[in-house]
Amino acid sequence: MCAQGACDSTIAIEVDGRIHAIAPAPAELGTVPGRALEALTTEIAQADFPALKSHPFTDTCPIAYDGQETIYTFTTTSAAQRIASCEVVVDPAAPLFLAVDAAMRTITSGG
């Protein structure tokens with residue numbers, strides 16, 4: 001349980017690599033270096049979103065018992081693609097999610 005209410009946070013990675021928090025409070029978090037950003041951009045472009053969304057999540061969402069839900073929104077040339085871990089089974093070994101994790105781990109400070 002979060003002492004201040006909901007534990008939501010929203011983090012955005014922009015096309016230029018800038019990463020920042022949108023909620024609960026705006027904050028600059030740093031920059032995703034070129035290689036990691038390139039890899040993420042490539043995986044977003046190559047992702048098979050219908051396949052990634054094809055396995056419905058049928059268990060109890062972890063937010064029902066103080067757990068977390070992760071919601072990814074990827075902007076593609078055709079549309080925004082939303083993948084929520086309480087709606088579909090997110091495969092952390094899928095190349096797209098590996099690229100997101102790698103990008104998050106390589107953030108350099110200083111915006």
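**Exercise 1. Helix 1**

Find which residues of helix 1 are buried, and state on which side of the helix they lie.

*Solution.* In helix 1, the buried residues are Ala 36, Leu 37, Leu 40 and Ile 44. Buried means under 20% relative accessible area, exposed over 50%, and partly exposed in between (1.4 Å probe, protein chains only). These four residues cover an arc of only 100 degrees around the axis, so they lie on the same side of helix 1. The arc is taken over the directions from the helix axis to the C-beta atoms.

Next, consider the opposite face. The exposed residues Arg 35, Glu 38, Ala 45 and Gln 46 sit on the face of helix 1 turned away from its buried side. The cover over the buried residues includes strand 1 (10-13), helix 2, strand 4 and helix 3.

Last, check the length. Helix 1 runs over residues 34-46, 13 residues, and spans 18 Å from its first C-alpha to its last, close to the 18 Å expected at 1.5 Å a residue. The expected span is 1.5 Å times one less than the number of residues.

*A note on the model.* The model is predicted: local features need pLDDT of at least 70, side-chain atom pairs count only at pLDDT 80 or more, and totals for chains, interfaces and linings use all residues. Residues are numbered from 1 along each chain as its sequence is written, and side-chain values use heavy atoms, with hydrogens and water left out.

**Exercise 2. The whole protein**

State how many helices and strands the protein has, and in what pattern they follow along the sequence.

*Solution.* Count the elements: there are three helices and five strands. Helices (H or I, at least four residues) and strands (E, at least two) are DSSP runs, numbered from the N terminus. Read along the sequence, the pattern is β-β-β-α-α-β-β-α.

Then take the overall values. The C-alpha atoms fill a box of roughly 40 × 35 × 25 Å along the principal axes. Of the 111 residues, 25% are buried. Among contacts between residues at least 6 apart in sequence, 51% join residues at least 24 apart; a contact means heavy atoms within 4.5 Å.

**Exercise 3. The disulfide**

Which cysteines does the disulfide join, and which hand does the disulfide have?

*Solution.* The structure holds one disulfide (a pair of cysteine sulfur atoms within 2.5 Å). The bond joins Cys 61 to Cys 86, with 1.8 Å from S to S. The torsion about this S-S bond is about 65 degrees, so the disulfide is right-handed.

Now place the two ends. Cys 61 is in the loop between helix 2 (49-52) and strand 4 (71-75), while Cys 86 is in the loop between strand 5 and helix 3 (95-105); the pair links distant parts of the chain, 25 residues apart. Cys 61 is buried because its relative accessible area is 16%, and Cys 86 is buried because its value is 17%.

Phe 57 is also in the loop between helix 2 and strand 4. The C-alpha atoms of Phe 57 and Cys 86 are 5.9 Å apart, although 29 residues separate them along the chain. Phe 57 is partly exposed, at 23% relative accessible area.

**Exercise 4. An aromatic pair**

Classify the ring pair of Phe 49 and Phe 74 as stacked, tilted or edge-to-face.

*Solution.* The structure holds four aromatic pairs. Rings of Phe, Tyr and Trp (its six-membered ring) pair if their centres lie within 6.5 Å; planes under 30 degrees apart count as stacked, over 60 as edge-to-face and the rest as tilted. For Phe 49 and Phe 74 the centres are 5.8 Å apart and the planes stand at 45 degrees, so the pair is tilted. Phe 49 lies in helix 2 and Phe 74 in strand 4, so the pair ties together parts 25 residues apart in sequence. Phe 49 is buried at 5% relative accessibility, and Phe 74 is buried at 6%. Together with Tyr 72 and Phe 97, these two form one aromatic cluster.

**Exercise 5. Gln 81**

Is Gln 81 buried or exposed, and which side chain does its own side chain join in a polar contact?

*Solution.* Gln 81 lies in strand 5 (residues 80-84). Its relative accessibility is 15%, so Gln 81 counts as buried. A polar contact of 2.7 Å joins its side chain to that of Lys 53. Such a contact is a pair of N or O atoms within 3.5 Å; within protein, one must be able to donate a hydrogen and the other to accept it, and residues adjacent in sequence count only if both atoms are side-chain atoms. Leaving aside neighbours within four places in sequence, the residues in contact with Gln 81 include Phe 49, Tyr 72 and Phe 74.
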